[in-house]
Amino acid sequence: MKMITPVLLGADLNCYSVARAFHEAYGVKSYAFGKYAIGETEYSKIIIFQKVDDLASDDVLLETLLNFASDHSDEELYLLGCTDEYQEAIIKNTSKLAKYYFFSCPSPELAEKLISKEAFYDMCDKYSLPYPKTKIFSLQTPFAELSEKALGFSYPIIVKPSSSIDYWHNPFDGMKKVYLAETKNEASEIISDIYSSGYGNTLILQEHIPGGEENMYVLTCYSDKNAKVRMMCMGHVLLGEHTPKGLGNHVAILTEYHEDIMKQLSSFLEDVGYKGFSNFDIKLDERDGTFKIFEINLRQGRSNYYVTASGENIARLVVNDKHSAFKEDKNICREEFFWHNVPKKIIYRYISDKNTEQKVKKLVSHGKSISTLFYPHDMRFNFLRSCFVYIHNIRYFKKYRIYK
C-alpha cells in the first residue's frame, strides 16, 4: 500500500481537525495550502503548511495541486476542501484533479442546486424536508415586500445571503454571517448595507425560530463514491461564537441521536446521488417539536472533530471509501460525547439548561470529552504550539465578556 498523504485546502480549525484525524488514524502529516497562515495550523508538528497567494483562483489552485501531485506521484493522495470556496473549486475541477487525488464530492450539477440556499429550499419542498418559512429578496424586490403581510410571517426575522461565497467576497463594516432584524426598518437597513457592498445575489428572509443556541443542531454525514450514506453523526450545539463574524460557528457540541430527521436526510442524500461529506445546520422548533433545516454545506463542518471524537474518524471514512473497505452498511453515532473548542468554564456559564450542564459535567468526569487543539502529540516539546493554544483559550474569556 502506498503512503497515505492528505492534502488540505484551508488553514482554520476545520483544517486542523482533519489533519488531527489523519494523524490519529495513520500517523501521517498533512500538507495544507491556504491564502494566509492562521493560528490553528501554525507551529504544528502534524501539518506542513504553505501560504499561496490567490489560491482560490482556478489557475493558481490547479497549478499548486498538480505540481504537488507530480512531486508526490508515488504516494496515495487524498484531497479535502476546508472552506466553501475551496470545496467549490475542487468540485468544479473534478475532472482535472481526480486523476491524481482521491476525493468524494457531489457532481457540479448537483452542487449548483445545493450551494444556493434559494435552490436548496426548492429541493426541500420537493422532498418534504422541513425548513423555516422563507421569502426570497433580490435587488429588484421593492422594500414594501418587507411588511409582515407580504412576508407571511412576523418580526423578528432572519436575514442572510443565499450565496455565502459571493457574500464574503464583498466585505463591509458591521458584516455578519447572519442578521436578526427586529423591525421592517432594521431589515431595510441591513439589506441596503449588504447590497451597497457589491453583493448582487439574492437574500434569504426567514421566520425566526424561537429559542437560542440551545436549540441548534448539526448533522454531519459521509456518502461514499457510490452515493450510499455510510456515516451520520448529529450534535446538539451547546454554544456558538458570539463575535459578529463568528456567529454560526460552533464551539461546544454534545452528540445526540434523533432518528426521524436522520432517516429523512439519509434518504434525501441517497435519492439525489450525493457523494462525500455533507453538513446540515438545523434548529429544533419547540412550538411543534420538529427540526427545521437551515442549510447544507458540501463539506465537513468547521467543528468536524466532534465526529472523530465520537468514534467515527473522518480520515478513515475517506480512506475506506477509496479502497471500498467499509465493514458495516452504515455507522450512526448513538453514544453521547462532549466536544468543545473554548474553556469549559465559559460553556458552563452559558448553558441555560441545568440538566444538560450536569450531563456534560458527567461526561467530562468519565473522560468522554475532548478539545481539538489540545492534541498531546502536537503540544509535547512544542513550546510555540503550546503557547498558541493557551493564549487562544484565554482570549475567549474576553470575547465572551464583550459579545455576550
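Student: What is the relative accessibility of Tyr43, and what does Tyr43 count as at that value?

Tutor: Tyr43 counts as partly exposed because its relative accessibility is 44%, where buried means under 20%, exposed over 50% and partly exposed in between (1.4 Å probe, protein chains only). This is a predicted model, in which local features need pLDDT of at least 70 and side-chain atom pairs count only at pLDDT 80 or more, while totals for chains, interfaces and linings use all residues. Residues are numbered from 1 along each chain as its sequence is written, and side-chain values use heavy atoms, without hydrogens or water.

Tyr43 sits in the loop between strand E2 (30-34) and strand E3 (47-51); helices (H or I, at least four residues) and strands (E, at least two) are DSSP runs numbered from the N terminus. Together with Phe383 and Leu384, Tyr43 makes up a nonpolar surface patch of about 360 Å² accessible area. Such a patch joins nonpolar side chains (Val, Leu, Ile, Met, Phe, Trp, Tyr) within 5 Å, each with over 30% relative accessible area and no salt bridge, a salt bridge being a Lys or Arg side-chain nitrogen within 4 Å of an Asp or Glu carboxyl oxygen. Areas come from the Shrake-Rupley method with a 1.4 Å probe, and for residues only the protein chains shown count as cover.

Phe381 counts as exposed because its relative accessible area is 82%. Its phi is positive, about 55°, although Phe381 is not a glycine.

Now the interior. In soluble globular proteins, nonpolar side chains tend to be buried together. Here the largest nonpolar core has 49 residues, of which Tyr101, Phe280 and Ile282 touch the most other members; a core is a set of buried Ala, Val, Leu, Ile, Met, Phe, Trp, Tyr and Cys residues joined through side-chain atoms within 4.5 Å. Helix H10 (residues 259-272) supplies the largest share of this core, six residues. Beyond its neighbours within four places in sequence, Phe280 has contacts (heavy atoms within 4.5 Å) that include Phe120, Tyr217, Leu265, Phe268 and Ile296. A separate core of 44 residues includes Phe294 and Leu317.

Asp281 is buried but has no salt bridge, and Lys177, the nearest side chain of opposite charge, is 5.6 Å away.

Methods: Patch = residues over 30% accessible without salt bridge, like charges linked within 9 Å, V, L, I, M, F, W, Y side chains within 5 Å. Lys, Arg positive; Asp, Glu negative; His and termini not counted.
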